[in-house]
Amino acid sequence: MTPSQSSSEPEIPSVANAAGLLFAEQYGKEPSWIALAPGRVNLIGEHIDYNDGFVLPMAIDRYTAIAASRSDSGHLRIVSREMSEPIDVPATAIRCKGQPDWSAYVLGPLALCAQRGLEVGSLDAVVASDVPTGSGLSSSASVEVATATLAEAICGTQFELMEKAKLCQMAEHRYAKVPCGIMDQATSTAAIRGHALLLDCRSGSYQQVPFSDPDVAILIANTNVRHALADGQYAQRRSECSSALLKSGADSFRDLTTADLEKGSGQMDPVEWRRARHVVGEIARTLAAAEAMRACDWNALGTLMYESHHSLRNDFEVSCDELDAMVALAEKIGPAGGVYGSRMTGGGFGGSTVTLIAANRADAIRERLESEYRQKTDIEPTLFTTRPAAGSFLARGGAEGNKSET
Ligand code: ADP
Ligand code: MG
């Protein structure tokens with residue numbers, strides 16, 4: 001992060017040019033619009049989005065770009081640089097049936113936009129992305145939000161930010177059949193460069209928390225494992241949390257403190273009690289983390305990240321050996337080596353860790369984690385540093401793109 005990067009003016013990511021070039025190759029013309037939306041990483045506040053909690057994610061500087069232009073084919077023809085099968089559906093009957101699986105993330109938002117009167121009509125389009133897929137960085141939300149941003153540009157209108165996020169979340173529920181919370185789509189939509197987003201999952205409101213100190217950076221380390229039990233365990237955690245809440249007698253985990261939980265713990269079985277302790281503790285940690293960030297107190301933020309990891313490992317039981325190994329290796333480097341804190345991020349049972357580091361040590365830390373993790377697990381990890389990036393925006397087009405084509 002550098003001081004100039006704290007501005008909210010987005011730079012055009014290179015993947016926008018890649019999408020434009022691929023579009024020209026594919027269709028022999030220039031795209032009228034290029035829309036972009038980022039992936040995200042959650043800094044703290046894990047497994048509490050569905051428990052009325054707070055989350056503190058930021059957009060990463062990895063984007064999905066969608067380049068498009070009107071056509072007279074009567075169809076939506078969409079190719080993705082990352083996928084082998086193209087989408088081809090009649091523009092007036094947007095359905096995923098018979099289309100490749102990835103169509104849910106593009107046709108879902110387009111179908112919901114159409115239901116709200118934003119008909120994109122007959123289009124040629126290309127998707128290109130540098131958000132890693134399936135690593136817990138929400139490539140899915142970036143595709144959805146980029147698509148909704150394209151629809152806004154084509155139709156010359158704009159949703160309110162959270163309305164757009166909710167539309168994309170609904171697309172993921174209905175078309176991709178993934179019962180996700182609002183965090184990913186809200187971050188990909190509403191993030192501001194140089195800020196994290198403190199999102200209240202009970203009210204849907206959010207605050208932009210400045211996070212642009214040039215001396216710190218975020219290191220994302222994908223363990224490159226995903227244990228098969230993740231989906232079943234997610235559903236189980238949700239049901240354990242709701243039965244714990246019921247037994248607590250409160251309407252919301254937000255109304256409880258750890259001391260309240262201790263008083264009512266007789267009602268809960270030991271598993272429910274540990275789940276509840278994670279949720280209540282993590283809500284408090286997330287608020288404290290936002291305060292530490294505002295104060296640029298990186299040691300305090302780092303300590304909260306470790307505490308979050310330990311709670312996810314011991315009380316919520318969603319970590320795994322590889323995530324624990326990556327966090328332990330980072331912790332071993334410690335503040336003297338430039339590591340302030342580290343934790344698993346995302347649902348767990350594999351995926352990535354997020355580590356708060358001193359920016360001037362980034363290369364050394366990355367290389368050391370890479371080699372020590374490889375040595376310990378025999379698995380090749382993927383690591384990169386990032387900074388808080390801007391939410392969705394248009395790199396080309398808008399009302400002019402609309403006019404020039406009609
Ligand atoms: P993630 O954690 O990355 O969001 P998901 O499983 O939720 O993982 O979403 C990944 C899915 O999103 C892919 O399987 C694909 O269907 C869609 N997707 C992601 N990136 C692209 C892309 N570049 N082009 C087309 N579809 C994509
Ligand atoms: Mg996803």
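**Strands and sheets**

I began with strand β9 (residues 216-226) and strand β11 (residues 350-358), which pair in the antiparallel sense over eight bridges. Here helices (H or I, at least four residues) and strands (E, at least two) are DSSP runs, numbered from the N terminus, and two strands pair if DSSP finds at least two bridges between them. Within this pair I found Ala 221 standing opposite Thr 353 in β11.

Before going on, I noted that this is a predicted model, in which local features need pLDDT of at least 70 and side-chain atom pairs count only at pLDDT 80 or more, while totals for chains, interfaces and linings use all residues. Residues are numbered from 1 along each chain as its sequence is written, chains are lettered from A and ligands numbered from 1 in the order in which they are written, and side-chain values use heavy atoms, with hydrogens and water left out.

I then followed the open sheet of four strands, whose order is β10-β11-β9-β12 with antiparallel pairing. Its edge strands, each pairing on one side only, are β10 (339-345) and β12 (382-386). From one strand to the next the twist averages 20°, with axes taken as lines fitted to C-alpha atoms and angles running from 0 to 180 degrees between N-to-C directions.

Next I looked at an open sheet of three strands, antiparallel and in the order β2-β7-β8, where β2 (54-55) and β8 (206-210) are the edges. Strand β7 (residues 195-200) joins β8 over five antiparallel bridges, and Leu 197 stands opposite Gln 208 in β8.

**Ligand 1**

Which residues are closest to ligand 1? Of the 16 that surround it (a heavy atom within 4 Å), I listed Ser 80, Glu 82, Gly 134, Ser 139 and Ser 140 as the closest. For polar contacts (pairs of N or O atoms within 3.5 Å), I noted that a backbone N or O atom of Gly 134 lies 2.8 Å from an oxygen atom of the ligand. A side-chain N or O atom of Ser 139 is 2.6 Å from a ligand oxygen atom, and one of Ser 140 is 2.9 Å from a ligand oxygen atom.

Notes:
A polar contact is a pair of N or O atoms within 3.5 Å; within protein, one must be able to donate a hydrogen and the other to accept it, and residues adjacent in sequence count only if both atoms are side-chain atoms.
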